[in-house]
Amino acid sequence: MHIVISEFISLDGVVQAPGGPDEDTDGGFAHGGWTHPFFDPEVVGGAFDEALGKAEALLFGRRTWRTMASAWPGRAGDPFADRMNAIRKYVVSGTLGDGDLTAWDNTTLIPAADATPRIRDLREAPGGDLLVMGSPTLARTLLSEDLVDELHLTVMPVLLGGGKTIFPADGALRTLELVSTVTSGTGAQVCTYRRAHKTEG
């Protein structure tokens, strides 16, 4: 499978709590919902819809999965919501149990202790895109382990002054290739990056 990370991200690299004020206040983060002024249905929404359309399964960390599981099952009847609810989902967690998974249909638990080898196995199996939304800790781990094939970053024209990021701080150099970029009327830029092919020389 092709692992794709999709994030709303500020100019200073923050991905924390894009959707609402109470989504994630860790570290005293006070800007939850910061994406709303820059979201436009055509460019930003269209890119999100396209990524979901290409996905064969979704992969989440625990916090993001809980947020999604409390929001999407009640929105049946909308085509996007129906797709979110029907698609296969994986959640990485060391605290969730099988009983918790009933909150959102078609969810499979990946125990946190086995996450990297299990995700590596998924990536090596045949299939389409395995899409990661939000889940900054998981996304950072996947980047650290060199398991990410593509990054979809919706860069919003705002500085947040600190918060959670997806980027590893391990001193490693990782080169990416910019595949496409589209700018919305709100100033958001939807950028798609792929891992650069290594050349011998």
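Colleague: Are F60 and W104 buried or exposed?

Modeller: In this predicted model, both F60 and W104 are buried. The term buried is applied to a residue with under 20% relative accessible area.

Colleague: What is the arrangement of the rings of F60 and W104?

Modeller: Their centres are 5.7 Å apart and their planes are at 40 degrees, so the pair is tilted. F60 is found in strand β2 and W104 in the loop between β3 and β4, so this pair ties together parts that are 44 residues apart in sequence.

Colleague: Which residues form one aromatic cluster?

Modeller: The cluster is formed by F8, F39, F48, W72 and F80. A charged group may also accompany a ring: the charged end of R75 sits over the ring of W72, 4.5 Å from its centre. Likewise, the charged end of K89 sits over the ring of W104, at 4.6 Å from the ring centre.

Colleague: Why is strand β3 described as largely enclosed?

Modeller: Strand β3 covers residues 88-93, and five of its six residues are buried, so the rest of the structure largely encloses this strand. Strand β2 (residues 55-61) pairs with β3 in the parallel sense over five bridges, and A57 stands opposite R88 in β3. Strand β4 (residues 107-111) also pairs with β3 in the parallel sense, over five bridges. Here K89 stands opposite T107 in β4.

Colleague: Where is S135 placed, and which residues does S135 touch, apart from those up to four places away in sequence?

Modeller: S135 is in the loop between β5 (129-133) and α5 (136-144). Its relative accessibility is 4%, so S135 counts as buried. Leaving out residues up to four places away in sequence, S135 touches L59, F60, G61 and T64. A polar atom of the S135 side chain lies 2.9 Å from the backbone nitrogen of G61.

Conventions:
Residues numbered from 1 in each chain as written. Predicted model: local features only at pLDDT ≥ 70, side-chain atom pairs only at ≥ 80, totals over all residues. Heavy atoms only, no water. Helix = DSSP H or I, 4+ residues; strand = E, 2+ residues; numbered from the N terminus. Buried < 20%, exposed > 50% of the residue type's maximum accessible area, 1.4 Å probe, protein only. Polar contact = N/O pair within 3.5 Å; in protein donor to acceptor, adjacent residues only side chain to side chain. Contact = heavy atoms within 4.5 Å. Pairing = 2+ DSSP bridges. Phe/Tyr/Trp six-rings, centres within 6.5 Å; stacked < 30°, edge-to-face > 60°. Lys NZ or Arg CZ within 6 Å of the ring centre and 35° of its normal.
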